[in-house]
Amino acid sequence: MCLPSLICTDVKTKQGHSSLSSVSGSAEASSISTSSRLKYASLGVLVFQTTSLVLTMRYSRTLHTEEPLYLASSAVVCAELLKIVACILLVFRDHSFSVRSLNLVLKEEIINRPLLTLKLAIPSGIYTLQNNLLYVALSNLDAATYQVTYQLKILTTALFSVSMLGKRLGIYQWLSLVILMFGIALVQWPTEVSSSTGEKDLTASSQLIGLLAVLVACFSSGFAGVYFEKILKESKQSVWVRNIQLGLFGLVFGFGGVFTYDRERVLENGLFQGYNNVTWSVVALQALGGLVIAAVIKYADNILKGFATSISIILSTLISYFLLDDFDPTSVFFLGAMLVIAATFLYGCERTPAICTSKV
């Protein structure tokens with residue numbers, strides 16, 4: 001009489017374990033699904049933000065008005081300040097809108113941990129240097145050459161990811177990086193355009209200066225991005241707190257750039273000379289970019305961020321053609337676009353040749 005009871009109890013126990021296993025598996029699948037959605041969402045917003053920023057910034061820098069052109073260095077400072085305010089509000093929300101909790105978090109993470117805070121001075125300073133180098137590059141190179149060369153930051157990011165984060169890239173990943181570089185080069189391949197504006201030819205020396213500026217910017221971008229990614233993934237603190245720390249140093253370095261390059265113009269016409277609605281849109285998009293990139297680094301990685309940026313270049317070119325009517329696409333452009341899309345999917349393939357499913 002005891003045997004059926006024991007069997008029944010054993011069956012119930014197994015059913016209970018099976019039920020618990022099912023619940024655990026369901027929770028794990030839900031977590032993976034949420035993470036995947038966050039990854040796709042962050043990458044999608046980054047593509048939108050980068051595309052909008054490129055088009056808006058191009059329009060703002062070519063807009064002819066009677067007012068003086070706004071200072072790029074001051075726009076960088078304003079974007080950093082706006083990003084800090086946005087991050088403080090996000091931390092405030094995460095702590096149930098408690099002023100006391102907000103003060104405790106900022107004091108504990110920024111003031112009471114000076115060594116950790118100082119670590120973020122490194123990527124912040126490099127980002128400031130990078131922005132200055134890009135202005136030097138654009139002053140000495142045409143836009144097509146600059147954009148093609150600057151895509152080397154994707155390769156440098158991959159190399160720093162392998163050396164600093166210990167990431168292992170499979171053959172598909174390395175092949176996708178090579179294909180991506182060819183695709184971007186074709187997309188941004190300069191075309192022959194007849195111009196009656198009498199633009200001044202760039203000298204060999206200025207082209208060399210521009211090329212060196214882009215190359216240094218590519219290496220600094222790759223190192224700073226991976227360094228920041230490493231800090232974020234080793235830290236248990238909110239990514240928004242880390243961005244506040246990064247932004248504070250960015251303000252210091254940014255004002256240093258204003259003082260170094262535009263001091264006389266600021267003293268003459270003020271810090272906000274030439275600002276209008278378009279300028280503030282550029283500033284807002286720059287601040288949004290810092291937040292979105294932080295989310296991409298948290299939920300994806302720097303190489304995927306590079307792919308999203310590359311796709312945004314294609315979208316920017318298409319919008320320039322259909323809406324701004326200042327670009328004439330060629331067969332070379334479409335070939336490059338297909339290579340970039342193929343490389344994007346190839347990067348997410350499994351290492352096993354027989355199975356190629358997207359992991360992005």
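In this predicted model, helices α3 and α10 cross in a right-handed manner. Helix α10 spans residues 239–261, and its axis runs 10 Å from that of α3 at an angle of about 60 degrees. On the α3 side, the contact is made by V105, L106, E109 and I110, which meet V241, R242, I244, Q245 and L248 of α10. Sorted by class, this contact of α3 with α10 comprises 6 nonpolar residues, 1 polar residue and 2 charged residues.

Helix α3, residues 99–111, also packs against helix α2, residues 72–94. Here the axes are 9 Å apart and the angle is about 120 degrees. The angle makes α2 oblique to α3, and α2 passes α3 in a right-handed crossing. The residues that meet are I88, V91 and F92 from α2 and V99, L102 and V105 from α3. By class, the contact of α2 with α3 holds 6 nonpolar residues, with no polar and no charged ones. V105 takes part in the contact with α2 and in the contact with α10.

The aromatic side chains provide a further view of the fold. The model contains 7 aromatic pairs. One of them joins F160 and F223 in an edge-to-face arrangement, with 5.7 Å from centre to centre and 70 degrees between the planes. This pair links distant parts of the chain, since F160 belongs to helix α7 (residues 152–165) and F223 to helix α9 (residues 204–234), 63 residues apart. The cut-off for a buried residue is under 20%. Elsewhere, ring pairs connect Y70, F272, Y275 and W280 into a cluster.

Of its 360 residues, 42% are buried. Among contacts between residues at least 6 apart in sequence, 83% join residues at least 24 apart.

Key:
Residues numbered from 1 in each chain as written. Predicted model: local features only at pLDDT ≥ 70, side-chain atom pairs only at ≥ 80, totals over all residues. Heavy atoms only, no water. Axes fitted to C-alpha atoms, helices over the stretch in contact; angles between N-to-C directions. Helix = DSSP H or I, 4+ residues; strand = E, 2+ residues; numbered from the N terminus. Parallel < 35°, antiparallel > 145°, perpendicular 65-115°, else oblique. Left-handed = near helix turned anticlockwise from the far one by under 90°. Contact = heavy atoms within 4.5 Å. Nonpolar A, V, L, I, M, F, W, Y, C, P; charged D, E, K, R; others polar. Phe/Tyr/Trp six-rings, centres within 6.5 Å; stacked < 30°, edge-to-face > 60°. Buried < 20%, exposed > 50% of the residue type's maximum accessible area, 1.4 Å probe, protein only.
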